[in-house]
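Good morning. I will talk about charged side chains today. Please look at the model first.

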Amino acid sequence: MQPFFSPFCCELDEQAERFGRPTREEEEEEMLRNDLKYYFMSPCEKYRARRQIPWKLGVQILKIIMITTQLVIFGLNNQIVVSYKEENAMAFKRLFLKGYGGVDEDDYSIAWYTQQDVHDGLFYLLDQYGNLRNLSVGPVSYAQEDSESLPIVICKELYKKGSKPFEEYYNIEVQTETVCITMNPISLQDDKWKRDNGSFFAVDFYRFINMKITFQLKGVNLHTIRAHELPDCYTFFVTIYLDNQGHSGLIKVYFEMNTVSSACKNWKISGTAQRNTHYVLIFDSFVILICLTSAVLCTRSMILAIKLLQRFSRFFRVNYKRKICKADQKEFLNGWYVMVIISDVLAIIGSILKMEIQSKNLTSYAVCSIFLGTSTLLAWVGVIRYLGYFQTYNVLILTMQAAFPKVLRFCCCAGMIYLGYTFCGWIVLGPYHEKFEGLSRVAECLFSLVNGDDMFPTFAQFHEKSILVWLFSRVYLYSFISLFIYMVLSLFIALITDSYETIKNYQKNGFPMTDLQKFLREQRDFTCSEGSRQVESNYWALCCCRRYARTPKGGSVPQLRLQ
């Protein structure tokens, strides 16, 4: 059924057409065209067109400044914490490990080779632990629970039964047993404990597998006071592990320390520490507010873009009986907004964690660092969006976008070869070279070789213990270096160069026209050209490339720009 006002509207349209005035369809089309032009304008063009202040741009600039400042403040504080933990770990190694020279021998701290070394090392450790308060120059004490010092726990694991090896005869039972003792720090201050526990330390080394010594210490980081912060109190969970699983005549001694921080109790700090802490919390609150504002503005822009896309799609379907091209649909899908929103969410989470750490309620420095670091990275990458409005930086951005899909596919193929060399190098060369002992170390070594680093030492460290392995190592290294440096890297550069030349050619001769471009230029031939189809199939990342192009002088139609 036709609406009752339909004849009246048609009569008005006929009168408007008779007197040269635009019809209702023409007004709707012109309004849509103006909205599309305004949407694809840069912030400066929008200000000149409607005197609308670019709030989103201002918020982004303010956000970058604030989250970068927040990151620097947190990083400086984190350096103090990391330095404090590393220095305490070094001090404990020198205090408790007899013969420790200040540098770990390998992945373990020190090694003992004789039975006397083991006995002397254990007795030295326990004597040092018992006299810790008289030895340590730092504010370190025993951890306490209910006003009593927590004991040190020593557990040794041995084969259940066995006899001393005699010539070629070795009788051992694979079942193991674990024996533990605990000793209070006060009881270690005299030599009585050595007589009472002599049987425990009389180790049968042919049965001995490992020994684990665990204890807890307390410390306070007073350095934070100089940084105008409240001090942190720490609990050090120290584990000293003696490894004899290989029974190779070498007992490896591992030192591990886990640290948990907490708010110091019953401390009186005079000065500005507490007040400065409040200032930092207020600053973090402002960062959260700015990030929320940024996320809301970007979400609003994405919703408006989707509505504008629906209007444009509906207009084409009704008036031209066709769907718009995929390249035109991608013009409205702004990946920069998604990245900014992700950055805002990460910054908000990181700021909340930072405030909790500042208030001594959390100790997750690593997690907070990941959130703050990633958000700052994405925020600074988002600056590229605004650099795209300048012709000088335009080519670089478009080349990166055009080359990315091809480079990604190329890296997937090259990665298969890289993984093959990684597994081969690990299994064949691992026993003969320290850089090939683990899969991750092999991958890192090969990556450094691709970049031309550390080539001669890698070749020179292969000793001629086996002529066959030595010859294989030469074939392996020469083939890998030749393949990846002379072929893979050259092809990698060629892909980027090809994309660069394509962009330069497009900028010189013009980008392929799509329906959206033609509509903005008031053209009526709405057919996706072959050039446009090539852009869609080969350069999907270039669907927004025309957004960066400069507006021709004297032209009234703005080029599509990244919002």
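A salt bridge, as I use the term, is a side-chain nitrogen of Lys or Arg within 4 Å of a carboxyl oxygen of Asp or Glu. The model is predicted, so local features need pLDDT of at least 70 and side-chain atom pairs pLDDT 80 or more, while totals for chains, interfaces and linings use all residues. Residues are numbered from 1 along each chain as its sequence is written, and side-chain values use heavy atoms, without hydrogens and water.

Side chains of opposite charge can pair when their charged atoms come close. Here the salt bridges number eight.

Glu 177, Asp 204 and Arg 207 form a network of such bridges. Between Glu 177 and Arg 207, the closest N and O atoms are 2.9 Å apart. Glu 177 is in strand 6 (residues 176-183) and Arg 207 is in the loop between helix 8 (198-201) and strand 7 (208-221), so the pair ties together parts 30 residues apart in sequence. Helices (H or I, at least four residues) and strands (E, at least two) are DSSP runs, numbered from the N terminus.

Now, buried means under 20% relative accessible area, exposed over 50%, and partly exposed in between, using a 1.4 Å probe and protein chains only. Arg 207 is buried, at 13%, and Glu 177 is partly exposed, at 28%.

Next, Lys 354 and Asp 284 make a salt bridge of 3.0 Å, N to O. Lys 354 belongs to helix 12 (residues 335-358) and Asp 284 to helix 10 (residues 273-319), so this pair joins parts 70 residues apart in sequence. Both Lys 354 and Asp 284 are buried.
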